[in-house]
Amino acid sequence: MTFAVILVAIVILSVLFHFLSPWQATPLASNWGSIDTTITITLVITGIFFVAIVIFMAYCVYKYQVDPDRRSEYKPENKKLEWWLIGITTVAICGLLAPGLIVYNDFVHVPSNAVEFEAVGEQWRWSYRLPGTDEKFGRSSVSRMDEINTFGLDPDDAAGQDDILVAGNQMHLLVNQPTKVLLRSKDVLHDFYVPQFRAKMDLIPGQITYFWFTPTVPGTFEILCAEYCGIGHYNMRGQIVVDKASDYQQWLSEQITFAEVLTGGTVEGLVEQGQLLASSRGCLACHSIDGGPSLGPGWLDLFGSQESLIDGSEVFVDADYLIESIVDPAAKIVAGYPPVMVAYQFSNEQLDSLVAYIESLSTESSGSPTKPAVEE
Amino acid sequence: MLAQTTLAPVAAPRSRFQRRSASAKTGLHLLMAAISSMFFLFLLSYILRSQVSDWEALSEPWQPLAQTGQLWINSALLLVASIAFELARRNIDRPQQGNSREFLWLAGLSSFGFLVGQLVFWQYLTDRGYLASTNPANAFFFLLTGLHGLHLFGGMFAWMVATYRLSVVDKNLDSKSISLAKLSVELCATYWHFLLVIWILLFALLSSSPGTYAAIAKFCGLGD
Amino acid sequence: MAYVDDAEHEELHEPTSFYAKYVWSQDHKVIAIQYSLTAIAVGLVALVLSGMMRMQIGFPGSIDMDSTGYYQAMTMHGMIMVIYLLTALFLGGFGNYLIPLMVGARDMVFPFVNMLSYWFYLVSVLVLIASFFVPGGPTGAGWTLYPPQAITAGTPGSEWGIILMLVSLIIFIIAATMGGLNYVTTVLQARTHGMTMFRLPLTVWGIFVATILALLAFPALFVSGIMMLLDKTIGTSFFMPDMMQFGTQLDHTGGSPILFQHLFWFFGHPEVYIVALPAFGLVSDLISVHARRSIFGYRMMVWAIVAIGVLSFVVWAHHMYVSGMNPYFGFFFATTTLVIAVPTALKVYNWLLTLWRGNIHLTVPMLFSLAFIVTFLVGGLTGLFLGNVVVDIPLSDTYFVVAHFHMVMGVAPILVVFGAIYHWYPKITGRMLHDGIGKLHFWITFLGTYLIYFPMHYLGFLGMPRRYYAYEDYQFIPDSAQSLNAFITVVAIAVGVSQLLFLFNLIYSLFRGKPSGGNPWKANSLEWLTPDTPPKHGNWGESMPVVHRWAYDYGVPEAELDYVPQTTSGDEVPVHESDLDE
């Protein structure tokens with residue numbers, strides 16, 4: 001009796017939980033309402049089976065509980081009943097599969113009026129590329145990547161000259177414009193996932209993958225990495241800003257092309273060179289420059305501060321300490337951060353420029369302790 | 001008819017040896033199924049990987065596998081081993097076991113020759129700078145021939161057991177030791193035939209032209 | 001009733017020394033216990049790791065665990081639970097103990113290979129545990145070990161941990177193959193007089209088909225493990241593509257990461273059924289015995305097991321819908337995946353129809369079996385979400401997946417394991433497990449796991465990605481999600497700690513449990529009919545059992561008692577033919 005009651009209670013509470021739960025899908029911001037519909041269909045069909053089966057079980061447990069004076073029925077088989085049950089199940093399965101495959105057919109067929117952009121993933125950040133006025137992407141390969149040419153484009157490919165490169169984590173899209181995302185990874189597997197858009201796809205190094213959607217709601221949306229990619233996986237963030245036409249054109253006009261990157265490749269000034277290095281060599285994937293949380297110690301106001309090490313000692317952050325931490329990261333580990341950084345190789349000039357850049361991020365670059373270390 | 005009908009006559013219980021013999025054969029068949037699954041998956045991976053542009057097929061005219069003389073010699077040795085096992089198996093019921101013992105020795109020696117021959121070819125490849133890490137085609141070559149060789153090497157222990165059991169038969173001609181020796185030889189013969197078939201498949205695939213790989217890949221829907 | 005097989009009898013020299021009997025034993029029952037205890041011990045490690053992960057998720061920063069440690073715990077938890085606990089326990093533990101007893105054999109057909117299987121398994125576990133103590137710690141690559149990330153910097157344990165992991169897996173596969181050959185051959189060749197294939201208890205059918213799957217599927221893991229090991233150690237490029245990591249070009253070229261995924265899931269999906277099919281079999285027997293009713297639709301149940309086994313080889317890419325494989329594969333794999341739901345659903349119906357018009361004893365094994373049906377039902381139905389390609393797209397890699405597979409292949413099989421241990425413990429030890437402790441353990445485990453995993457699906461609907469060390473500052477995640485995570489953690493810790501009740505019960509009842517007699521549940525199958533309890537070496541004493549009927553004659557109208565053991569001849573109680581099978 002108790003068990004039967006508890007089974008019924010499980011059913012009732014589960015159904016109630018479904019309707020009262022504050023945790024539901026995020027508000028839709030793309031054309032993939034049809035995916036939400038398939039989820040609803042699946043919920044209804046599976047929900048009916050769940051309720052029916054558990055209630056039937058509760059009934060059996062209640063009705064046929066042990067009675068020493070009674071024997072169970074001896075009827076080992078009922079082919080007709082079994083075939084009926086198989087039939088009903090098959091119909092239900094078709095009810096799930098058919099709408100699913102119809103919507104999937106839309107998912108794999110990119111509309112002809114879709115515009116393309118490329119999202120490039122690396123541990124643990126995003127960058128983006130647009131095909132430019134010729135609407136063609138230039139050739140790219142990992143072997144051509146270096147500090148300047150972070151996208152690995154072929155300088156001899158005419159189609160690549162007008163490609164627009166977006167180095168930051170933020171990308172802008174035009175609202176109500178069908179968009180095909182080409183996905184490329186520099187290192188390991190990643191996955192481009194915006195919960196509000198519903199669709200997602202993995203990035204595979206050595207291969208270009210794609211999917212499409214139409215953003216329908218202007219606003220800012222977070223990109224999450226949804227394929228495990230190492231210790232910084234949970235922190236591999238990006239942003240999609242969906243703009244109305246005027247805002248989008250404004251943003252687009254501020255971006256630089258690959259040709260401009262090539263000609264402006266020799267950056268003047270130590271700090272600017274350091275900034276370029278920090279961005280191209282991936283430092284900024286783990287070291288925030290705006291005081292936000294990051295995998296390694298943030299660089300804002302780092303120079304000239306005191307840091308607590310895991311052995312309990314303190315260290316004053318100066319040029320020597322920074323250089324040591326870059327070429328031999330394991331020498332001094334700051335408390336509160338995992339010892340995960342690999343040793344980097346830079347020329348002395350490059351190290352100087354990096355230090356200069358980090359120094360420029362401190363409000364008082366005089367070299368005196370300005371504020372206590374964050375970890376204290 | 002439902003499961004609980006016993007009306008069908010039940011065979012008389014088998015002797016202990018019959019059961020042991022049947023079990024050993026079943027076990028070997030299952031083992032061969034598992035090994036086949038492994039090589040099948042390796043070959044599928046091979047085909048898939050061969051469609052990437054960095055693949056330098058070993059069978060191109062200027063590559064080592066264009067001249068397969070050494071491998072043909074090795075193949076012949078393995079074929080001899082397989083035939084010798086078969087002859088040993090067929091002769092074992094004859095009086096005094098026919099020439100089973102000689103055939104068994106021939107099988108063992110030619111198998112050993114096969115393994116040495118494979119190592120000689122490995123040496124030839126590494127001497128010419130074809131290391132596993134230099135190209136995936138090389139890596140697959142070493143991997144597949146190496147695993148095949150390891151399985152043959154493992155079989156050599158069974159061969160030793162068979163040889164030992166047959167030598168015991170010569171001393172005491174009781175039915176039990178004859179049956180045991182026969183079982184051993186039978187199992188070895190089956191296993192060697194199996195390894196020969198695997199080797200022929202490997203040899204054919206490894207020395208095929210890139211065009212063949214592309215065709216197979218296309219057939220399997222793997223290449224794009 | 002029974003016949004004497006002299007030939008069988010001659011081999012029965014029971015080992016006498018302690019070592020021969022309990023350590024280097026070739027007795028299937030001892031090996032089964034060795035397998036089980038090792039699996040449970042290593043499973044406890046994995047349980048503790050999951051508790052640590054839950055603390056970090058529910059109460060971030062409450063324990064000293066950085067993201068490196070979190071990902072290491074996550075990887076080891078998954079790998080241990082799936083491979084080293086569940087696979088080893090169902091095949092090495094239950095398979096070893098029950099197959100020879102249920103088919104009426106004196107032992108496995110290759111006892112020496114059987115012993116080797118255990119020792120290889122033990123070595124694989126020790127290598128795995130050793131990886132906790134090498135520089136850099138165990139691998140944190142996720143239990144799927146996807147390259148390139150599994151063997152490159154930026155992933156914990158990419159120096160030594162991953163090498164030990166792969167070596168351990170390779171050793172495990174050799175162990176599983178040696179065991180597997182034994183189980184299948186024993187079922188095919190060592191059945192006693194009268195035991196036809198269609199009189200085997202469903203437990204044997206489940207383990208039998210699962211073992212065949214293991215023999216054919218584990219090679220895929222072996223193949224991928226070997227190739228990744230070579231990529232890691234000698235720099236080949238089977239799976240490793242051109243890569244630029246942290247600003248440095250790596251030496252690898254052209255490898256295919258997605259090839260690894262295909263190989264891994266060609267193993268990985270059958271692996272789900274390697275765990276599930278034995279559970280199906282065991283639970284069928286538990287339900288039939290404790291509902292005192294013949295299992296409903298025995299032959300359909302057998303064919304369902306076989307059909308699921310075959311289909312499990314053509315559904316693997318449903319784990320890869322968003323992996324970037326050719327998108328047109330999605331149509332095929334969604335269809336095969338949903339087709340597999342039909343035989344699976346049939347099994348659920350037949351369990352329920354076995355209850356219907358039964359005479360249900362709510363014993364502890366029965367409670368666990370019924371709880372299994374509920375849990376498996378939820379896990380199976382949510383599988384229909386993830387199998388249907390377009391529904392999977394928003395849900396993959398979210399907590400929905402975590403909740404689904406924990407329900408279907410974590411909690412559900414574990415509930416069967418508990419039920420089966422409560423059921424067969426009397427045969428193994430001669431004593432009953434304590435009923436009161438058992439019921440307490442049951443209620444905490446059943447309701448607790450439901451409370452953990454049912455709400456977790458909704459975090460998946462919300463879009464919370466899995467394998468995240470922390471969720472700070474994500475705008476789409478409301479604060480209430482953190483409260484739910486904290487709640488789940490509290491329940492999870494309680495369920496985890498309550499497993500001590502079970503361990504206590506195992507040890508306490510070994511000494512103080514009520515003596516059980518040979519057949520405490522009044523069951524039909526052969527393992528309850530041994531002359532001694534626990535069965536001695538050779539199982540059957542002087543004479544082998546002869547089988548006259550299937551294992552499910554409960555409630556036969558003509559019989560005096562409500563059960564008819566398989567050795568009862570047709571003269572005493574008629575052997576029925578089906579009413580419906582003309």
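The model is predicted, so local features need pLDDT of at least 70 and side-chain atom pairs count only at pLDDT 80 or more, while totals for chains, interfaces and linings use all residues. Residues are numbered from 1 along each chain as its sequence is written, and chains are lettered from A and ligands numbered from 1 in the order in which they are written.

I begin with chains A and C. Their contact takes 89 residues from chain A and 102 residues from chain C; residues are in contact if their C-beta atoms, placed from the backbone, lie within 7 Å. On the side of chain A that touches chain C, α3(A) gives the most, with 15 residues; helices are DSSP runs of H or I with at least four residues, strands runs of E with at least two, numbered from the N terminus. By class, this side of chain A has 50 nonpolar, 23 polar and 16 charged residues. Here Ala, Val, Leu, Ile, Met, Phe, Trp, Tyr, Cys and Pro count as nonpolar, Asp, Glu, Lys and Arg as charged, and the others, Gly among them, as polar.

Turning to chain C, C:W205 is found in helix α7, residues 202-233. Is C:W205 buried or exposed? C:W205 is buried, with 26 other C-beta atoms within 10 Å; buried requires 20 or more such atoms, exposed 12 or fewer, and partly exposed lies in between, with C-beta atoms placed from the backbone. Leaving aside residues up to four places away in sequence, C:W205 touches C:L200, C:G281, C:V302 and C:I305. The C-alpha atoms of C:W205 and C:S50, 155 residues apart along the chain, are separated by 32 Å.

Key. Two residues are in contact if their C-beta atoms, placed from the backbone, lie within 7 Å.
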